[in-house]
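Biologist: I am new to this structure and would like to learn how to read it. Please take me through its features one at a time.

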Amino acid sequence: MEYRFTPRGVCSRAIDIELDGEIIKRVKFYGGCDGNLKAISILTEGMNANDVIRMLEGNTCGFKKTSCPDQLAIALRLGLEEQAKNA
């Protein structure tokens, strides 16, 4: 399943996610800190989405209450929920 998420409160403008069940096949960020977000995308590929959610949710960036990794965790949670609805 492919899913596009629009993050809030961060520099990235969109996150594309491809899930195969609970496994993350692909993550692509648009905007934000290019090198860091490319690294997060590579590191999460092939991982269980629930494990990634546990690792990344609640992370902040500077004085912001969220971060791109935190927004990825939110996106993954919503993607898993949408996938379950369509199953």
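Biologist: How many bridges join β2 to β3?

Modeller: First, some ground rules. This is a predicted model, in which local features need pLDDT of at least 70 and side-chain atom pairs count only at pLDDT 80 or more, while totals for chains, interfaces and linings use all residues. Residues are numbered from 1 along each chain as its sequence is written, and side-chain values use heavy atoms, with hydrogens and water left out. Helices (H or I, at least four residues) and strands (E, at least two) are DSSP runs, numbered from the N terminus. Two strands pair if DSSP finds at least two bridges between them. Here β2 and β3 run antiparallel and are joined by seven bridges. Asp 16, for example, stands opposite Lys 28 in β3.

Biologist: How many residues lie between β2 and β3 in the hairpin?

Modeller: Two residues separate these strands in the hairpin, and Gly 21 in the turn has a positive phi of about 70°.

Biologist: In which sense do β1 and β2 pair?

Modeller: β1 pairs with β2 (residues 14–20) in the antiparallel sense, over four bridges. Tyr 3 stands opposite Ile 17 in β2, and Glu 2 stands opposite Glu 18 in β2.

Biologist: Which residues have the most contacts inside the largest nonpolar core?

Modeller: A nonpolar core is a set of buried Ala, Val, Leu, Ile, Met, Phe, Trp, Tyr and Cys residues joined through side-chain atoms within 4.5 Å. The largest one here has 21 residues, and those with the most contacts inside it are Ile 15, Ile 17, Leu 19, Ile 24, Phe 29, Leu 72 and Leu 76. At least two residues of this core come from each of β1, β2, β3 (23–30), α1 (34–44), α2 (49–56) and α3 (68–85). α3 gives the largest share, six residues.

Biologist: Which residues does Leu 76 touch?

Modeller: Contact means heavy atoms within 4.5 Å. Leu 76 is found in helix α3. Not counting residues up to four places away in sequence, Leu 76 touches Ile 17, Leu 19, Ile 24, Ala 49, Val 52 and Ile 53. Leu 76 counts as buried because its relative accessible area is 0%. Phe 63 is 13 residues away from Leu 76 along the chain, and their C-alpha atoms are separated by 23 Å.

Biologist: Is Thr 44 buried or exposed?

Modeller: Thr 44, in helix α1, is buried because its relative accessible area is 5%. Leaving aside neighbours within four places in sequence, Thr 44 is in contact with Ile 24, Val 27, Val 52 and Leu 72. A polar atom of the Thr 44 side chain lies 3.2 Å from the backbone oxygen of Ser 41.

Biologist: Which side chain does Thr 66 join in a polar contact?

Modeller: A polar contact is a pair of N or O atoms within 3.5 Å; within protein, one must be able to donate a hydrogen and the other to accept it, and residues adjacent in sequence count only if both atoms are side-chain atoms. The side chains of Thr 66 and Asp 70 are joined by such a contact of 2.5 Å. Thr 66 has its place in the loop between α2 and α3 and counts as buried because its relative accessibility is 9%.

Biologist: Where does Lys 64 lie?

Modeller: Lys 64 lies in the loop between α2 and α3. At 33% relative accessibility, Lys 64 counts as partly exposed. Lys 64 and Gly 9 are 55 residues apart in sequence and, C-alpha to C-alpha, 7.4 Å apart in space.

Biologist: Which ring does the charged end of Lys 28 sit over?

Modeller: A charge sits over a ring if NZ of Lys or CZ of Arg is within 6 Å of the ring centre and within 35 degrees of the ring normal. The charged end of Lys 28 sits over the ring of Tyr 30, 4.9 Å from its centre.

Conventions. Buried means under 20% relative accessible area, exposed over 50%, partly exposed in between (1.4 Å probe, protein chains only).
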